[in-house]
Amino acid sequence: MKLIKRKTEQTAPNRKIKAVVDMMFDDIPYSEEVTQAQEKIETALNTEFDKIKADRHEDEALEELLGKYGRLSQMAELAGYPADSAEKWRGETQAVDIRPLKKEIRKQRLRIYLTSAFAVFALLQVFWLIYNITAKPVAVIGNVFVIAVDLVLASFPFRKYLLINKWGVYDAVF
């Protein structure tokens, strides 16, 4: 029982630290560098919090941590970034627009749904083919033709180019 209590004691302030870091990065435009910096700062603050918490109560440790590292530039220095990197992140105007990424994800999702539907249809046709082989051997040629047409139709959503797009997502190819 004591182990469970101690684990929840460690998790609650970590959520508070994550909330503080999220608030600090709230107005900063999205980019991959900023996302990595945010994770690194959060890890560094959690490590520092654990060091401070060894000597004091959690609330006092959190208060001291936020007193020491209350500004984003101080947090960046703790994580190993230069102090002026916080200003660079705030002034960055070339943020990655998420709308094209969402559009690409919708396309990928549609491809997945279509492929799944065609795969299920092809599997049903295979079962029907097995049934026809045992019951009506004459209908086997028609079943093989239907399966071939289904597989050709299933490949159409994947007729794309073999490249990694600008978000690092592999495009499906055939």
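Predicted model: local features only at pLDDT ≥ 70, side-chain atom pairs only at ≥ 80, totals over all residues.
Visitor: What is the secondary structure of the chain?

Guide: Helices (H or I, at least four residues) and strands (E, at least two) are DSSP runs, numbered from the N terminus. The chain has seven helices and zero strands. For α2, residues 32-53, the expected span is 1.5 Å times one less than its number of residues; its 22 residues should therefore span 32 Å, and the end C-alpha atoms, 31 Å apart, agree with that. The 38 residues of α6 should likewise span 56 Å, in agreement with the 55 Å between its end C-alpha atoms.

Visitor: Which residues of α2 are buried?

Guide: Buried means under 20% relative accessible area, exposed means over 50%, and partly exposed lies in between, with a 1.4 Å probe and protein chains only. Of the 174 residues of the chain, 29% count as buried. In α2 the buried residues include Val34, Ile41, Leu45, Glu48, Phe49 and Ile52, whereas those of α6 include Glu104, Gln108, Arg111 and Leu129.

Visitor: Which residues touch the most other members of the largest nonpolar core?

Guide: In soluble globular proteins, nonpolar side chains tend to be buried together. A nonpolar core is a set of buried Ala, Val, Leu, Ile, Met, Phe, Trp, Tyr and Cys residues joined through side-chain atoms within 4.5 Å. Among the 22 residues of the largest one, Ile17, Phe25, Ile41, Leu45, Leu65, Leu72 and Trp89 touch the most other members. At least two residues come from each of α1 (2-24), α2, α3 (58-68), α4 (72-78) and α5, and α2 gives the most, with seven. Taking contact as heavy atoms within 4.5 Å, and leaving aside neighbours within four places in sequence, Leu65 is in contact with Ile17, Leu45, Glu48, Phe49 and Ile52.

Visitor: How many salt bridges are there, and what does the one between Lys88 and Glu33 tie together?

Guide: A salt bridge is a side-chain nitrogen of Lys or Arg within 4 Å of a carboxyl oxygen of Asp or Glu, and the count comes to five. In one of them, the closest N and O atoms of Lys88 and Glu33 are 2.9 Å apart. Lys88 lies in α5 (residues 85-91) and Glu33 in α2, so this pair ties together parts 55 residues apart in sequence. Glu87 and Arg90 also form a salt bridge, at 3.6 Å between the closest N and O atoms; being three residues apart in α5, they are separated by about one helical turn.

Visitor: Which residues form a nonpolar patch on the surface?

Guide: Patches are made of residues with over 30% relative accessible area and no salt bridge, like charges being joined within 9 Å and nonpolar side chains (Val, Leu, Ile, Met, Phe, Trp, Tyr) within 5 Å. Here Val120, Leu123, Leu124, Val126, Phe127 and Ile130 form such a nonpolar patch, with about 560 Å² of accessible area together. Leu124 has its place in α6, residues 98-135.

Terms used:
Residues numbered from 1 in each chain as written. Heavy atoms only, no water. Areas by Shrake-Rupley, 256 points an atom, 1.4 Å probe, with all protein chains shown as cover.
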